[in-house]
Amino acid sequence: MRSIVKAVNLNKYYDEYHALRDINIEVEQGEVMCIIGPSGSGKSTLLRCVNQLEKIDKGGLWVDGELVGYRVVGNKLHEMNESQIARQRLATGMVFQRFNLFPHMTVLQNIIEGPCQVLKRSPKEAIEDALELLARVGLADKRNAYPVELSGGQQQRVAIARALAMRPKLMLFDEPTSALDPELVGEVLSVMRDLATTGMTMIVVTHELGFAREVSNRMVFMDAGQIVEAGSPEDILISPQNPRTQSFISAVRT
């Protein structure tokens, strides 16, 4: 199986704060990895490094076989410019806690903006893809609505469709249900559950342990910028070995 994400001794600092400490992970094509852990453990920072919203300070990171942020010339590494980074970033789609939809655009316009402006697809092709994606996330009837007219759950489903419209090889989800009212969480998780069955490679930061157990091939528990424990959902949720993992799982379930 081909590796889509590979991190080797990845480190990230914010001044004196050591946000990520020697992270080593590998995510294969078609795999769903769920990352859990307390706030401030580095989960979101890791996703932002994968999507090049943050620059790593030490170690190596590869996405779809390409070294992230650098190109190798001879035996030396050279930092990529912004256009080169933007090209690499197209391999990933990211869904944030907040929906980040353009408020002045309709749902359909939000979804076709990237494919038309960045990928230079024809409006006809982009609209056809967008309508298929809206049907897939259960919002075919909202194509002409504006974000303010939608519930939080509906906005997040549009955000997922917008990310998928760029045809990424990897989807990153950064606690996509944490900003939603409890009754709206299920509709977003249902879309993500469906996406997982299609073979999309996914890394999901989440506090929804039941969802993580259901859809993930592998789970990672992070704390204080480190991977404390990794394994199957059963390994992490049913029989965790590390005392820190045990206390976290116990606290979340109570």
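Which residues does Ile127 touch, not counting residues up to four places away in sequence? Select Ile127 and look for Leu108 and Ile112. Touching, or contact, means heavy atoms within 4.5 Å.

**Before you go on**

This is a predicted model, where local features need pLDDT of at least 70, side-chain atom pairs count only at pLDDT 80 or more, and totals for chains, interfaces and linings use all residues. Residues are numbered from 1 along each chain as its sequence is written, and side-chain values use heavy atoms, with hydrogens and water left out.

**Stop 1: the whole chain**

Show the protein chain as a cartoon. It has nine helices and twelve strands. These are DSSP runs, numbered from the N terminus: helices are H or I with at least four residues, strands are E with at least two. The radius of gyration is 18 Å, close to the 18 Å that the globule rule gives for 254 residues, so the chain is as compact as a globular protein of that length. That radius is taken over C-alpha atoms, and the rule is 2.2 Å times the number of residues to the power 0.38.

Along its principal axes it spans about 55 × 50 × 35 Å.

Switch to the surface. The protein chain exposes about 12200 Å², and carbon and sulfur atoms supply 49% of that. Such areas come from the Shrake-Rupley method with a 1.4 Å probe; for residues, only the protein chains shown count as cover. Of the 254 residues, 51% count as buried. Buried means under 20% relative accessible area, exposed over 50%, and partly exposed in between (1.4 Å probe, protein chains only).

Next, think about contacts between residues at least 6 apart in sequence. Of these, 64% join residues at least 24 apart.

**Stop 2: helix H4**

Go back to Ile127. This residue sits in helix H4, residues 123-136. Is Ile127 buried or partly exposed? Ile127 is partly exposed, with a relative accessible area of 27%. Ile127 and Ala165 are 38 residues apart in sequence, yet 9.8 Å apart in space, C-alpha to C-alpha.

**Stop 3: helix H5**

Select residues 152-164, which make up helix H5, and pick out Arg157. How many residues of H5 are buried? The count is 13 of its 13 residues, so H5 is mostly covered. Arg157 itself is buried, at 11% relative accessible area. Show its contacts beyond four places in sequence: Val137, Gly138, Leu139, Glu187, Val188 and Val191.

**Stop 4: helix H1**

Move to Val50, in helix H1 (residues 43-50). Val50 is buried, with a relative accessible area of 3%. What does Val50 touch, not counting residues up to four places away in sequence? Look for Val5, Leu61, Val63, Leu170 and Leu172.

**Stop 5**

Select Val32 in strand E3, residues 32-36. Val32 counts as buried, at 1% relative accessibility. Leaving aside neighbours within four places in sequence, its contacts include Ala196, Met200, Met202 and Val215. Arg213 is 181 residues away along the chain, with 11 Å between its C-alpha atom and that of Val32.

Now select Glu26 in strand E2, residues 17-28. Glu26 counts as partly exposed, at 36% relative accessibility. Beyond four places in sequence, Glu26 is in contact with Ser3, Val5, Lys6, Glu31, Met33 and Arg218. For Glu26 and Ser3, the C-alpha atoms are separated by 6.7 Å.

**Stop 5: two loops**

Which phi value does Asn100 have? Its phi is near 55°, a positive value in a residue other than glycine. Find Asn100 in the loop between strand E8 (92-95) and helix H3 (107-117). Asn100 is partly exposed, at 47% relative accessible area.

Finish at Ala224, in the loop between strand E11 (218-223) and strand E12 (226-231). Phi of Ala224 is near 55°, a positive value in a residue other than glycine. Ala224 counts as partly exposed, at 42% relative accessibility.
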